[in-house]
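Please go through the following structure with me, one question at a time.

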Amino acid sequence: MSDNRPDLRTVLRIDFPPADRLGRGKIMLLELIRETGSISAAGRAMDMSYRRAWLLVDALNRMFGEPSVDTQRGGKQGGGALVTPFGEELIRRYRQMEERAQAAIAEDLAWLESVRRSDGSSDTADAVSK
């Protein structure tokens, strides 16, 4: 019998008190800005509005002493966005932290997978409906 359940996954999120967060969504947005040269195109690729993408970029730029993204206003050639050297380092280090975290807990994830219900369901829905 084949097992078609999705693999367990970890998600790295770093909280910067009191309210800032760095996680896979912001890093993915940076990677897409690097690929497209555009905040709006990166936002579209993530199925979010330009405003939401711009707010996330603004939050990233305010979180650190250096900006992660530089922008240019529109004009003859149109506007654009560029991931800064700091932003590139942020992407690299975040992805490295993800890999290290995954490796550090691989044995525990394997154990969780071994004791997970085979049908992939949970009893949560049953408990809520009772």
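Q: Leaving aside its neighbours within four places in sequence, which residues is G80 in contact with?
A: This is a predicted model. G80 lies in strand β4, residues 80-83. With a relative accessible area of 23%, G80 is partly exposed, because that value falls between the 20% and 50% limits. Leaving aside neighbours within four places in sequence, the residues in contact with G80 are G37, D70, T71 and Q72.

Q: How many Å apart in space are G80 and I39, C-alpha to C-alpha?
A: Along the sequence, G80 and I39 are 41 residues apart. In space, C-alpha to C-alpha, the separation of G80 and I39 is 7.4 Å.

Q: Is S68 buried or exposed?
A: S68 is found in the loop between α3 and β3 (69-72). Not counting residues up to four places away in sequence, S68 touches L30, L60, N61, L82, V83, T84, F86, G87 and L90. The relative accessibility of S68 is 0%, and buried means under 20%, so S68 counts as buried.

Q: Which residues does T84 touch, not counting residues up to four places away in sequence?
A: T84 lies in the loop between β4 and α4. T84 has a relative accessible area of 7% and is therefore buried. Not counting residues up to four places away in sequence, T84 touches P67, S68, V69 and D70.

Q: How are helix α1 and helix α3 oriented, roughly parallel or roughly perpendicular?
A: Two packed helices are described by the angle between their axes and the distance between the axes. Here the axes of α1 (residues 24-36) and α3 (residues 50-63) come within 10 Å and cross at roughly 105°. Angles of 65 to 115 degrees count as roughly perpendicular, so α1 is, relative to α3, roughly perpendicular.

Q: How many residues of the contact of α1 with α3 are nonpolar?
A: On the α1 side, the contact is made by K26, L29, L30 and I33. On the α3 side, A53, L56, V57, A59, L60 and M63 take part. The residues of this contact include no polar and 1 charged, and the number that are nonpolar is 9.

Q: Which residues have the most contacts inside the largest nonpolar core?
A: In soluble globular proteins, nonpolar side chains tend to be buried together. The largest nonpolar core here has 20 residues. At least two residues of this core come from each of α1, α2 (39-45), α3, β4 and α4 (85-104). Those with the most contacts inside the core are L22, I27, L29, L30 and I33.

Q: What is I33 in contact with, leaving aside its neighbours within four places in sequence?
A: I33 is one of the residues with the most contacts inside the largest nonpolar core. I33 is also part of the contact of α1 with α3. Leaving aside neighbours within four places in sequence, I33 is in contact with S38, I39, A42, V57, V69, A81, L82 and V83.

Q: Which residue forms a salt bridge with E88?
A: Side chains of opposite charge can pair when their charged atoms come close. A search of the whole structure finds 8 salt bridges. In one of them, the closest N and O atoms are 2.7 Å apart, and the partner of E88 is R34.

Q: How many residues apart in sequence are the parts that E88 and R34 tie together?
A: E88 is partly exposed, with a relative accessible area of 28%, and R34 counts as partly exposed at 40%. E88 lies in helix α4 and R34 in helix α1, so the parts that this pair ties together have a separation in sequence of 54 residues.

Q: Which residues are linked with E98 in a network of salt bridges?
A: The side chains of E98 and R95 meet in a salt bridge at 2.8 Å, N to O. Being 3 residues apart in helix α4, E98 and R95 are separated by about one helical turn. The residues linked with E98 in a network of salt bridges are E31 and R95.

Q: What is the omega of the cis peptide bond that joins P17 and P18?
A: P18 is placed in the loop between β1 (13-16) and β2 (20-23). The peptide bond joining P17 and P18 is cis, and its omega is about 10°.

Key
Residues are numbered from 1 along each chain as its sequence is written. This is a predicted model: local features need pLDDT of at least 70, side-chain atom pairs count only at pLDDT 80 or more; totals for chains, interfaces and linings use all residues. Side-chain values use heavy atoms; hydrogens and water are left out. Axes are lines fitted to C-alpha atoms, for helices over the stretch in contact, and angles run from 0 to 180 degrees between N-to-C directions. Helices (H or I, at least four residues) and strands (E, at least two) are DSSP runs, numbered from the N terminus. Angles under 35 degrees count as roughly parallel, over 145 as roughly antiparallel, 65 to 115 as roughly perpendicular and the rest as oblique. Contact means heavy atoms within 4.5 Å. Ala, Val, Leu, Ile, Met, Phe, Trp, Tyr, Cys and Pro count as nonpolar, Asp, Glu, Lys and Arg as charged, and the others, Gly among them, as polar. Buried means under 20% relative accessible area, exposed over 50%, partly exposed in between (1.4 Å probe, protein chains only). A nonpolar core is a set of buried Ala, Val, Leu, Ile, Met, Phe, Trp, Tyr and Cys residues joined through side-chain atoms within 4.5 Å. A salt bridge is a side-chain nitrogen of Lys or Arg within 4 Å of a carboxyl oxygen of Asp or Glu.
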